[in-house]
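This report covers helix content, aromatic pairs, charges over rings and core packing. Please keep the sequence and the 3D view open while reading.

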Amino acid sequence: MILFLEQLVNGISLGSLYALFGIGFGLVFATLGILNAAHGVYASWAAILGYFSVEYFGVPFPVAVAIGVLGGGLIAIVVDQIGFQPLRGRKSGMLGALITSIAFLIILDSLAGMATNHQSWAFPSDSFPSGMVDFGAIQVPQMQIIIILSTLICGGGIYLLIQKTRIGAAMRAVGWNAEAAALSGVNPRIIILLTAFLAGATSGLAGVLGGAATSNVSYMLGEGLLLKGFAAVVVGGFDDVRGTVIAGILLGISEVFVAQYLSTTYRDGFTYILLLTFLVARPRGLFGSRDFVRA
Amino acid sequence: MEALLDFWSAYSAAIAFGLVNSLFALSMYSVLSAGILSFTTVVFAAIGGFAAAQVIGTFGLPLWVAFPLAGIAGGIGSAIIAAIFLKLETHWMALASLAMVLITRVTVLNTPSLTGGVMGMMVPVRASVLELTILVAIVALVFYRLHNSWYGLAIRAVREDAAAASTMGVSLRHIQLIAFLISGVVGGLAGAAMATTLQYISADTFYLGVAFTMIAGTVLGGSFHWFGPIVGAFVFTALPSVTQAVLPELQDIAKGVVLLVIMIYLPRGLIDPRARGLRKAARQRQDAAVREQDNASKLVKNAGQAHD
């Protein structure tokens, strides 16, 4: 029973990372219509920036997290403005943006590889909260609680931002039709920048927290997150933040349980089969709306 | 002569990979030309590659038996995938095909009796550059014939405007199914060619890296004519070797930058039949404008004479 509870918490915290990462991926797909292969690289770079700032400048952990989040967001804006902005209004569709994002994946990935010397680093153990919190029957690492709370706060915040505020309405309007939104007084340029920053920042947060919790900061960090975050977004339905968060957490739990009670070899297979099943049987995901049109 | 031999020994491997990548790119082009973005080429290539490796390694059959078998295996795989995927809309198709690539890797890793599992498989036979050239030439000939056939016309119509094409009696499903089948056969051949060129294949040979490189090569060369993917594959294969000679540390970055520049300034790729059409139209317009001006000046002159 204790093992079950411990694994449950492990699964929830792992799934929270996928969800946190997936929120931005889904936001960009739903609002800007971009399948962004470079989304994982933001997380790698955020983790690397956070690690360097701790290692060389000795900043406290919250500052390192802030640097990673800001860095992720700024890289996302740069990628958007250099790569995706020239494609807008040229009707190159999803293919053009995908190829551009692959170009950035190649460039940023190689740069990250050079920055880390193609090795894996870990945050020094005294630089982040590494203690345990006592919950009676089980003990939970502080980092796992931080990850779960960050996901719930970010997920809830972005959900409220999109559904309840004027900025969110503008984001949805730009996703629906940028020209029509501009006619009704929305500045699409600013909304696009904001969306890109939010996506990069949440990806960066997932990168720094994940890098600290798993003691693995490397240029490979983003790829694993990208594949699982992608699965979470599709299963949850990517125009809905709630779906992404719930699906991400469920995926994390199922992954940990499959590894614990069946076999580690089926761990990834289960996730991807679930992903394909959802795509074929219910492509709009758990919460996906019917009227979602974005070619 | 000496220099030529040196060149050959230095670059024959690059040429072989260029030929293999051409097959990959043509397989991707086949579905792309029907307006479908799909990464399933990698899946077909894995099927064909491991089929060829088994046929050659276990049963000792020659290369030219293995290639058709790999093509057929890829074709069967594509028929199954097309049956599942063709009811999905375009961007869901792209996502599902990515998921399929991920699943393929897990499957390859977990069926060691068929694929060697984590260890991968050695392939005892090596395809020569000449054999690969013949293979690519045959496939290119097929694409050339298709381009000028009813199917070629129909698929261009579907890509430009699916609704208009269907009112003309072109069945969208039918065309897309054929595109998938061609993609499967060529993808299977590409996998076999890859296996007999590398002489070692594993789960990582057929994964996201190759999927991204291939789609990039196809779009770089131009996805509106069958010759584009071949050019793109060669450019994308040659680029790392060229930058390695100049800037060894930056070869990957150079690849990304070239891709980015092409996408921003030449979004339709290097080989673009429309650009030729546009140039022709522009020339005609200019000629017409010159004639117009001549006529106008003649009129003015005539008017002047009449006035005198």
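## Helix content and annotated segments

Residues 12–35 of chain A are 88% helix and 0% strand, with the end C-alpha atoms 26 Å apart. Helices (H or I, at least four residues) and strands (E, at least two) are DSSP runs, numbered from the N terminus. This is a predicted model: local features need pLDDT of at least 70, side-chain atom pairs count only at pLDDT 80 or more, and totals for chains, interfaces and linings use all residues. Residues are numbered from 1 along each chain as its sequence is written, chains are lettered from A and ligands numbered from 1 in the order in which they are written, and side-chain values use heavy atoms, leaving out hydrogens and water.

An unreviewed UniProt entry lists residues 12–35 of chain A as "transmembrane region", and residues 269–287 are also among those listed. UniProt positions follow the numbering used here, feature names are shortened, and annotations may be inferred rather than shown by experiment. Residues 269–287 of chain A are 68% helix and 0% strand, and their end C-alpha atoms lie 24 Å apart.

## Aromatic pairs

Over all chains, the structure holds 16 aromatic pairs. Rings of Phe, Tyr and Trp (its six-membered ring) pair if their centres lie within 6.5 Å; planes under 30 degrees apart count as stacked, over 60 as edge-to-face and the rest as tilted.

| Pair | Centre distance | Plane angle | Class |
|---|---|---|---|
| A:Tyr51 and A:Phe123 | 6.0 Å | 80 degrees | edge-to-face |
| A:Phe52 and A:Tyr56 | 5.6 Å | 45 degrees | tilted |

A:Tyr51 sits in helix H2 (residues 39–57) of chain A, and A:Phe123 in the loop between helix H4 (93–115) and strand E1 (132–135), 72 residues apart. Both A:Tyr51 and A:Phe123 are buried. Buried means under 20% relative accessible area, exposed over 50%, partly exposed in between (1.4 Å probe, protein chains only).

A:Phe52 and A:Tyr56 are four residues apart in helix H2 of chain A, so about one helical turn separates them. A:Phe52 is partly exposed, at 22% relative accessible area. A:Tyr56 is exposed, at 59%. Ring pairs join these residues into a cluster that includes A:Phe61, A:Trp121 and A:Phe128.

## Charges over rings

B:Arg105 lies over the face of B:Tyr207, 4.7 Å from the ring centre. B:Arg159 lies over the face of B:Phe224, at 4.0 Å. A charge counts as over a ring if NZ of Lys or CZ of Arg is within 6 Å of the ring centre and within 35 degrees of the ring normal.
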